[in-house]
Amino acid sequence: MAGTEVFHVRKPDYAKRSSLYVNLVHALSDVEDQMSSHWNDVEVWRGDVDSDAFFLVGTGSTPHPEGTKVPDENGSLEKLHGYQGQDIELKLPGDLTVFDIEWLAMYCIAFKQNFGDVRIPKYLNVPADLTALKAEVTKEIKFDNCEELFPGILHVSWKILGQDLILQLTGRADDNEYISFGRSGSDNRAVMIGADVAVAYYDADSKQARVVDYYLSSKSQCSQGSGACPDTKMRGEENTALVNWEKSDGIFKVTYKRPLGSSDGQDLSIPVSIPVSVIAAIGPLNSQKEVAFHTHYYTKDAKKIHFGRSPPQDRCNPFVSATTMKPKSWPPMQILDATTFRAQIGPTGGDKGYTAITGSQSWGIAWWINGQLIPELTVRRGVNYTFIVEGGNNPSNPASYHPLYITNNPEGGGGQFLDQLGLPNHTVYAGIDTDSNQRMIPTGGRILLCHEFSLCKVPTELSE
């Protein structure tokens, strides 16, 4: 079907399902497997003045002139004007729903000429009309269920609409922080690994809120499809949808929807007949606007929520006063005269440690050199140095695999940025190479180093 015009069809699945949206695009569509389409020279529709063409919908095996007219993208029922390479949006008239029709066509009534049509199967699976859903949520829905996740810091409210769960997270989060909530990886405890969560944050660059579907496979930042990753980076689907948001006086409120059922291998269903174990967290974003390690607020004790409880209950209290005090960092450590450096993975040092010292986010682990947290190393040209690295030796487990390398990039984390390794802003001077599977492999031996820090002829002996 390459090179044919295909409709993209969407419908709301939360209430009357009264909208049908259609895009005419010169491409294959993601619903091609669900619909059959037949187009006759409609890549360029010039709108002949003698034509009597309209968008029609109806039932039956083939389009016919007795079909129902559908207003064009401007809401007009006049004869169609010219189209060329445009995306348009159509809405079914009146109470007509996508389940009431079997085809949509561009049809000339006077000459009974079908210029092209798309057949709509009985059980077409398409997303909701988020515009109408937003109006539904903001104008009509009262969130009469609410639970405190962190008293005075983060609340979750919810409402069930059909097969969707509408959730509203309200919490205190800075511009560079996220709030997250979802089903725990265990039915009886607060477990991060195996959890299915939604991560919401305010994107200061675009000045918009974002909600992203995450699966947590291990306690590490997302790297090579493992760790705390968006579903789309793990061959899953994005199954959350932002409805609306607001941010004022330090309070971030975001409303989103997700299906009650599980849509892919990274999703967990939300039963409504029994309480389920949930987790939540507030933490910093890394440079990729993905989750980094949460140090202050995260679910430690088992917490269960009965999403289908009756009668509904609002158990939330007002928020506490915000504070803007930031901890003072520990002074940076220095190693001046050593020629052997033992590098070991350890904790970040809490509020006064890695993030406070460097200004960059961490995942709760950091390098300790000769027993000191991320010290400054002073080296001299022409002197041989030995690095003994204890960072893990199993590349298949990224959460416990941390090769040490020397770079001009202040953030590091090359496992997350394999496509950037070797670029001017992420030059690798020593310590690693990549194999045929694009995995970081430790290297050793004598490597010539000369760069802005005046390192030269520094051999590294990396042992796992």
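**Ground rules.** I number residues from 1 along each chain as its sequence is written. The model is predicted, so I take local features only at pLDDT of at least 70 and side-chain atom pairs only at pLDDT 80 or more, while totals for chains, interfaces and linings use all residues, and side-chain values use heavy atoms, without hydrogens or water.

**Aromatic pairs.** I searched the whole structure and got six aromatic pairs. For a pair, the ring centres of Phe, Tyr or Trp (its six-membered ring) must lie within 6.5 Å; planes under 30 degrees apart are stacked, over 60 edge-to-face, the rest tilted.

I looked at F150 and Y297: the centres are 5.7 Å apart and the planes sit at 40°, so I noted this pair as tilted. F150 is in strand β10 (residues 145–150) and Y297 in strand β20 (residues 297–298), 147 residues apart. I take strands as DSSP runs of E, at least two residues, numbered from the N terminus. F150 is buried at 8% relative accessible area, whereas Y297 is partly exposed at 34%. My cut-offs are under 20% for buried and over 50% for exposed, with partly exposed in between (1.4 Å probe, protein chains only).

Next came F181 and F307, an edge-to-face pair with 6.5 Å between centres and 65° between planes. F181 belongs to strand β13 (residues 177–183), while F307 sits in the loop between β21 (304–305) and β22 (334–335), so the pair ties together parts 126 residues apart in sequence. I find F181 buried at 4% and F307 buried at 3%. Ring pairs also bring W158 into a cluster with these two.

**Charges over rings.** I count one when NZ of Lys or CZ of Arg is within 6 Å of the ring centre and within 35 degrees of the ring normal. K69 has its charged end over F54, 3.9 Å from the ring centre. K247 lies over the face of Y202, at 5.6 Å.

**Nonpolar cores.** A core here is a set of buried Ala, Val, Leu, Ile, Met, Phe, Trp, Tyr and Cys residues joined through side-chain atoms within 4.5 Å. The largest has 28 residues, and L167, I179, F181 and F307 have the most contacts inside it. Strands supplying at least two residues each include β10, β13 and β14 (195–203). β19 gives the most, with four.

I then checked I179, skipping neighbours within four places in sequence: its contacts (heavy atoms within 4.5 Å) include L154, L169, F252 and I282. A second, separate core has 17 residues, among them F55, L90, I101 and V118.
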